[in-house]
Amino acid sequence: MRYQRALLPTLKEAPSDATSASHVLLLRAGYARRVGAGIYSYLPLGLKVLRNIERIIREELGRAGAEEVLLPALLPSDYFKETGRWELFGDNLLRLKDRKGSDYHLGPTHEEIITDLARRELKSYRDLPKNLYQIQTKFRDEPRPRGGLLRCREFIMKDAYSFDVSEERARESYEKMRVAYTRIFDRLGLDYRMVRADSGAMGGSGSAEFQVLAQSGEDLLAACRQCDYAANLEVASAPAPTPPGPEAPSVPAPEKVLTPKQKTIGEVAAFLGVAERALLKSLVYRADQQLVMVVVRGDHEVNEVKLARALGASELALAAPGDVVRATGAAPGFAGPVGYAGKIVIDRDAAALSDAICGANEADHHLRHVQLGRDFQAELAELRSVKEGDACPSCGAPLGVFRGIEAGHIFLLGTHYSSKMGASFLDEQGQMQPMVMGCYGIGVSRLIATTVEQFNDADGILWPMSIAPYQVHLVQLGAEPEVVEAVARLEAELEALGVEVLVDDREERPGVKFKDADLLGMPLRLTLGKRGLEQGVVELKPRRERDPKRVTLLPLAEAAGRLAEQVRAGG
């Protein structure tokens with residue numbers, strides 16, 4: 001492709017609302033353009049990256065035995081109403097009515113539609129297993145679209161669904177897809193972790209996320225620094241603490257102490273001269289309209305996903321300050337479990353404290369020498385988020401906490417949808433059984449931005465070879481006939497060897513061309529001008545080479561072959 005014929009509208013500055021690296025660079029480099037909030041057009045370079053990602057996905061899913069289908073994006077409401085998700089998705093569902101007043105929506109995901117296809121077409125155990133996938137546009141009415149392609153209202157997703165005769169066979173399908181996902185993300189060249197995750201609104205019994213590590217990521221995950229344990233912070237766990245033994249020293253009776261205006265854990269700990277881990281942090285939550293006191297150790301944070309699961313609550317939020325005062329007799333900051341009349345749940349690390357400090361349910365006062373079982377009763381559960389340095393539950397080595405961007409998610413759904421929708425098959429004994437399902441998603445368009453978040457520098461994008469729009473950016477210096485002819489010959493030689501080439505044939509200064517090449521981010525830059533032609537060499541500089549002076553001179557006659565080898569080797 002010639003630069004002068006291509007649509008490459010680069011910008012010196014990105015719009016003011018573009019803050020993440022990928023948002024800024026994809027707009028500046030002309031890969032995408034904003035149409036509306038969370039809605040983007042893909043320009044030629046962006047579409048080439050998208051198609052390269054799709055190609056890798058299709059190849060690996062085909063290897064795993066999946067078949068591609070294409071389901072509609074405009075869906076009648078009946079299917080979501082059948083499973084209860086018409087209400088569960090709430091305002092995130094983009095709803096509309098047709099001219100007859102019937103309810104429709106734009107598909108945010110397709111479990112119901114694929115399950116309907118299965119119940120119509122798969123009747124016997126002989127029809128199973130099946131694994132069907134699509135790459136298609138999804139729609140979600142995000143309240144705060146942000147990060148450019150990272151969180152959109154319209155986005156492209158690969159979603160796959162497996163159907164099996166039993167839980168055992170479903171796990172085999174799940175494992176095949178896990179392997180396929182690993183191959184996909186390896187081929188994309190990303191630094192990622194597969195982490196245990198919460199199934200959330202998707203339902204089901206098993207779930208794992210593929211998180212791409214990036215400082216800009218909105219997800220937090222814990223990963224062991226020695227073994228392969230990794231989990232989303234929503235479900236990550238540390239080993240249970242050792243409870244106090246019978247030899248533990250006796251604890252004095254609770255003692256009320258004055259702590260004027262000391263509301264936070266840090267303030268109280270400093271005022272009393274103790275470590276934050278010696279305190280009990282007491283928070284009042286409203287769980288499905290019931291007030292519950294939640295107690296964690298002072299240096300820990302409540303994990304609301306774990307808390308909701310422990311309480312079996314569908315709605316969970318911190319109680320309003322007025323509700324806290326009415327329930328405890330004191331403002332937030334001075335609440336505590338001793339004397340609290342309502343339900344109390346305590347994290348197991350907090351329960352292991354035999355001599356703790358907590359709020360006294362009285363303004364400007366706390367209690368020393370508080371002990372679970374003697375001074376208050378509570379239900380025990382794992383409620384806290386793990387933190388940096390906690391022990392790995394698998395091997396005991398320290399855990400690290402990282403930021404990540406969710407790029408893929410796999411679920412073992414079980415019969416969550418098939419039972420509700422009557423997707424059953426006749427087994428070998430002639431009995432009707434619900435199909436056992438799995439669900440496997442990859443945010444295809446999100447992967448464009450995710451890759452840029454991980455691979456960029458101050459000058460622009462650094463595409464991995466596997467998905468770069470062009471593998472080689474050939475910079476032509478000068479318009480002399482012999483230079484133009486040599487560039488065209490080199491371009492043809494590279495393309496004949498299967499290398500995609502972008503030729504910068506503009507009448508611009510070398511500095512402008514080099515700057516644009518860095519911004520666009522092709523893996524390999526070749527430069528050919530009159531001086532190099534006279535010497536019979538072309539200049540090669542990999543995009544990831546940070547030193548601008550470190551270049552390689554290749555004999556012009558050998559350049560195409562050597563570049564093709566480098567491209568096949570991945571750069």
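**Reading salt bridges in a predicted model**

Modeller: Start with one pair. Arginine 85 and glutamate 111 join their side chains in a salt bridge, 2.9 Å from N to O. Keep in mind that this model is predicted.

Biologist: Which parts of the chain does that pair tie together?

Modeller: Arginine 85 sits in helix α4 (residues 85-88) and glutamate 111 in helix α5 (residues 111-121), so the bridge ties together parts 26 residues apart in sequence.

Biologist: Are arginine 85 and glutamate 111 buried or exposed?

Modeller: Both are buried. Buried means under 20% relative accessible area.

Biologist: What decides that a pair counts as a salt bridge?

Modeller: A side-chain nitrogen of Lys or Arg must lie within 4 Å of a carboxyl oxygen of Asp or Glu. By this rule the model has 48 salt bridges.

Biologist: How far apart are the closest N and O atoms of lysine 387 and aspartate 299?

Modeller: They are 3.0 Å apart, in a salt bridge. This pair links distant parts of the chain, 88 residues apart. Lysine 387 is in the loop between β20 (379-381) and β21 (399-414). Aspartate 299 is in the loop between β15 (290-297) and α8 (304-311). Lysine 387 is partly exposed, at 32% relative accessible area.

Biologist: Where do arginine 543 and aspartate 457 lie?

Modeller: Arginine 543 is in the loop between β30 (537-542) and β31 (552-555), and aspartate 457 is in strand β25 (residues 456-457). The two are 86 residues apart. Their salt bridge has its closest N and O atoms at 2.8 Å. Both residues are buried.

Biologist: Which residues do shared partners join into one network?

Modeller: Arg55, Glu59, Glu60, Arg63, Arg183 and Arg187.

Technical notes: Residues are numbered from 1 along each chain as its sequence is written. This is a predicted model: local features need pLDDT of at least 70, side-chain atom pairs count only at pLDDT 80 or more; totals for chains, interfaces and linings use all residues. Side-chain values use heavy atoms; hydrogens and water are left out. Helices (H or I, at least four residues) and strands (E, at least two) are DSSP runs, numbered from the N terminus. Buried means under 20% relative accessible area, exposed over 50%, partly exposed in between (1.4 Å probe, protein chains only).
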